[in-house]
Amino acid sequence: MMAGVDAVANTQDDAPGITAASRDLHIRAWREGRQLADAPKIGEVRERAAHGDVIWIDVPDPASGALAEIARQMRLSPLLVEDAVSHHERAKAVIEENYLFLNCYSVHYDAEKAEITTYEISAFATKSILLTVRVSAWEYADELALRWQNSPSQCRCGAVGLLHVLLDTVVDGHSEAVEVLDDQTDTFADAIFDDRPLTHDEHIRIFRIRRALVRLRRVAMPMREVLNTLTRRDSDLVPDPLQPYLHDVYDHVLRVSEQAESLRDTVTDLFETNLSLQDQRMNTIMKKLTSWAAIIAVPTAITGYFGQNVPYPGFGHELGFVLSLVLIVLIAVILYLLFRRKDWL
C-alpha cells in the first residue's frame, strides 16, 4: 500500500501492527481503539474478528492468491470481487446482507503539468473486517494509515469507522485538486483580457485544465450516490454514531461536485470568450490595414493620375508638382482624421 509499509513488511515482519502473510498482503488489527502489535494471520482473521478485534486487510496486488482466499473466508460475491479487481469501474457502493462494497477513486493533481492522476480503490467492510483492494499505487496510503492510527474513535465504530477515514481521505484529495484548479482558472480568466493574446502554450494549458476538470468531475460526481447509499438507515452495518461523520463527508462531496461543475462551465466560457476576443482583435487589425491602405492609395492615385501624358493644371510647371503634393497631404490627413473618429485607427 505504501513504500514505508512495504519496506517494514518485507524486512521487519514483527513490527507493530503489520503481518506480512505474503509479499502481496498486509494486515493490521485494533482492539478498543488501540492498534495491536500482533496482527493475525490470514487463517486467524475470522476468529480474531469474532472476539472483537477490528482488522484491516490490504491487498495491493489483486492478482495474488491472497485475495481469493480472503474472499472465500468472507463469503464475498464473485461479481463484486470481479469489480474490485477490474480497472475503470464506476465509483459506487453496494450494501449486501453481511457486508458493504465500495469502489472509489483518489486523485492527485500535478499543477505544473496540469494533469490529474486517479487511483482506483475498492473496499469490503463487515462490522469488524475491512478489506481494501488496489489495482494501482496510491500515494495517500501513508496518510491513510497514519489517520487510522490516530483515530481511535473511528476504530471503535468498527471496520466501517475505518472506511469513513478512507472516504474522508479520498474526498480531501478531490477538494485539494479542485481548489488548485480553481486558482489556475482564475489566473487564465484574468490573462485572456490582457492586451497580449494568449500564446500557443497557454492555449494548450487551458485545454489540459479543462481535461483535468472533466476527469475530476467523472470520479467526484458519483461519490454523492456512494455517500447516499452509506447513510441509508435500513442497514445495521453503519453504526448510528458514525452517521454525522458520513454526512460531513457528504457535504464535502457536494461542494467538490458543485465546484467542479462550475469550473467546467467557467473554462468552457473562457474558451468561447477567448475566441471572441481573437475575432475582435482580428477585426481591429483588418480595420487598421484597410484604413492605412486607403490612405496610401491617395498618393498612388494622384501621382498615377498626374503621371499620365495628358495636360493638367500646372502641366509642365513647378506649380503642378506643388498642387499634387498639397492634394496628397490634405486628403491623407482628412482620411486619417475620419478613420480616427470612427475608431478604425
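Reply: R255 has a relative accessible area of 34%, so R255 counts as partly exposed. In this predicted model, the side chain of R255 meets that of E179 in a salt bridge, with 3.1 Å from N to O. The pair links distant parts of the chain: R255 belongs to helix α10 (residues 243-306) and E179 to helix α7, 76 residues apart.

Side chains of opposite charge can pair when their charged atoms come close. The structure holds ten salt bridges. Another of them joins R90 and E225, whose closest N and O atoms are 3.4 Å apart. Here too distant parts of the chain are linked: R90 is in the loop between α4 (78-85) and β5 (92-95), while E225 is in helix α9 (residues 222-230), 135 residues apart. E225 has a relative accessible area of 45% and is therefore partly exposed. The backbone oxygen of R90 also lies 3.4 Å from a polar side-chain atom of N103. N103 is part of strand β6 (residues 100-110) and, at 0% relative accessibility, counts as buried.

The salt bridge between E69 and R72 has its closest N and O atoms 2.7 Å apart. Both residues are in helix α3 (residues 65-74), three residues apart, which is about one turn of the helix. E69 is partly exposed at 29% relative accessibility, whereas R72 is exposed at 56%.

Notes. Residues numbered from 1 in each chain as written. Predicted model: local features only at pLDDT ≥ 70, side-chain atom pairs only at ≥ 80, totals over all residues. Heavy atoms only, no water. Helix = DSSP H or I, 4+ residues; strand = E, 2+ residues; numbered from the N terminus. Buried < 20%, exposed > 50% of the residue type's maximum accessible area, 1.4 Å probe, protein only. Polar contact = N/O pair within 3.5 Å; in protein donor to acceptor, adjacent residues only side chain to side chain. Salt bridge = Lys/Arg side-chain N within 4 Å of Asp/Glu carboxyl O.
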